[in-house]
Amino acid sequence: MISRLGLTVLLALPLALQADGGFEAKCAGAYCTCLSKALDEVAAVRRSIDEGVVVDALGAKASEICNEALQGFSEAVPEATGNAAKEQVFDGKVEQLSGALDAQLKGAFLRQLTLLRSKTLKRFQKEVAGSKNKGKAERDAYVTALRSFKEDAEKSLRPGSDWDYSGELASLQEAIGELYKRTKREEDLKKQAAAQMQSASTFLRIQQQQIQMYQNQLSVGGPTGFNTNFAYHIPDTPVNLVMKYQPGMKTSLNIFTPPETAYPPLGNNHFVDGLTMFNVGLSANIEF
């Protein structure tokens with residue numbers, strides 16, 4: 001036989017269950033509303049990143065989105081203090097809402113890290129390309145690039161989260177190292193090509209000198225050499241001009257006046273007892 005107290009408990013139980021079910025429904029409705037509103041803000045952040053715009057202080061922005069969503073959820077749900085069942089439902093929804101937003105915001109964080117890495121590499125290449133001293137420029141650009149990436153990545157971390165950028169930092173260091181190696185290989189190849197060109201130029205110059213030497217030797221005494229002589233007697237004068245040209249040798253110009261052999265006082269051997277202008281010959285040789 002059921003006592004009056006037991007009957008009262010049995011009658012009150014369905015009402016309590018109905019009340020708990022209504023509270024859970026309100027929590028679910030508030031959860032969906034707050035999550036939808038927060039996801040719209042997350043989508044705007046991700047859209048900016050996808051367009052190539054770095055979101056300044058992304059970590060603080062992520063905390064703001066989460067805090068606003070959790071505060072809105074708390075205000076939309078009735079007070080659950082003192083009721084263990086309601087508190088359990090409330091805490092479960094808070095944890096679920098926080099986890100869902102954190103996952104979406106972390107995706108935006110990872111996209112921002114990829115964007116920061118890309119921009120850092122481009123800045124590194126630009127700074128190195130515009131410098132004449134490649135070695136020093138690469139060292140300075142490397143330090144600047146890592147410092148800039150760390151600063152931007154730190155500002156992108158959501159406070160109190162497990163977000164981490166060490167993997168992307170290691171990837172950036174590896175990428176810069178590969179760029180450095182490729183640049184060094186290109187510089188080495190340029191130096192090697194310049195050295196080969198210099199060697200080829202020296203070889204060709206030596207070959208040309210040897211060919212010229214052989215040509216000179218053939219011109220002087222070989223069967224293919226040739227000489228050119230040009231003689232001219234200036235009219236009404238005793239002056240004669242003779243020019244000689246020989247390849248590989250200097251050109252000579254000989255100017256001379258031969259002694260007069262037809263003068264009547266000359267003897268059999270073309271000599272006279274006295275010195276006159278008719279038995280004196282003059283000769284001048286000019287080389288150029």
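Student: First up, does aspartate 102 count as buried or exposed, and why?

Tutor: Keep in mind that this is a predicted model. Aspartate 102 counts as buried, because its relative accessibility is 18% and the cut-off for buried is under 20%.

Student: Where is aspartate 102 placed?

Tutor: Aspartate 102 is in helix α3.

Student: And which side chain does the side chain of aspartate 102 join in a polar contact?

Tutor: That of arginine 158, with a polar contact of 2.7 Å between the two side chains.

Student: What else is aspartate 102 in contact with, leaving aside neighbours within four places in sequence?

Tutor: Besides Arg158, aspartate 102 is in contact with Ser161, Asp162 and Trp163.

Student: OK, new topic: cavities. How many are there of 30 Å³ or more?

Tutor: The count comes to one. The largest cavity has a volume of about 30 Å³.

Student: Which residues line the largest cavity?

Tutor: The lining is made up of Thr120, Arg123, Phe124, Glu127, Ala141, Thr144 and Ala145. By type, that divides into three nonpolar, two polar and two charged residues.

Student: Which elements supply at least two residues each of that lining?

Tutor: Those are α3 (84-129) and α4 (134-156). The most comes from α3, which gives four residues. Helix α3 is also where aspartate 102 sits.

Student: Where is alanine 57, then?

Tutor: Alanine 57 lies in the loop between α1 (4-50) and α2 (58-76). Its relative accessible area is 29%, so alanine 57 is partly exposed.

Student: Now zoom out. How many helices and strands does the protein chain have?

Tutor: The protein chain has five helices and four strands. Along the sequence the pattern reads α-α-α-α-α-β-β-β-β.

Student: What share of the protein chain counts as buried?

Tutor: The figure is 22% of the 288 residues. The accessible surface comes to about 19,700 Å², and 57% of that belongs to carbon and sulfur atoms.

Student: Last one: what share of the contacts with a separation of 6 or more is between residues 24 or more positions apart?

Tutor: In the protein chain, such pairs account for 62% of those contacts.

Notes:
Residues are numbered from 1 along each chain as its sequence is written. This is a predicted model: local features need pLDDT of at least 70, side-chain atom pairs count only at pLDDT 80 or more; totals for chains, interfaces and linings use all residues. Side-chain values use heavy atoms; hydrogens and water are left out. On a 1 Å grid over the protein atoms alone, a cavity is a set of points where a 1.4 Å probe fits but cannot get out, and a pocket is an open set with protein on both sides within 12 Å along at least five of seven lines; lining residues have an atom within 4 Å of a point. Grid points are joined across faces, edges and corners, and a volume is the space filled by probe spheres set on the points. Ala, Val, Leu, Ile, Met, Phe, Trp, Tyr, Cys and Pro count as nonpolar, Asp, Glu, Lys and Arg as charged, and the others, Gly among them, as polar. Buried means under 20% relative accessible area, exposed over 50%, partly exposed in between (1.4 Å probe, protein chains only). Contact means heavy atoms within 4.5 Å. Accessible areas come from the Shrake-Rupley method with a 1.4 Å probe; for residues, only the protein chains shown count as cover. A polar contact is a pair of N or O atoms within 3.5 Å; within protein, one must be able to donate a hydrogen and the other to accept it, and residues adjacent in sequence count only if both atoms are side-chain atoms.
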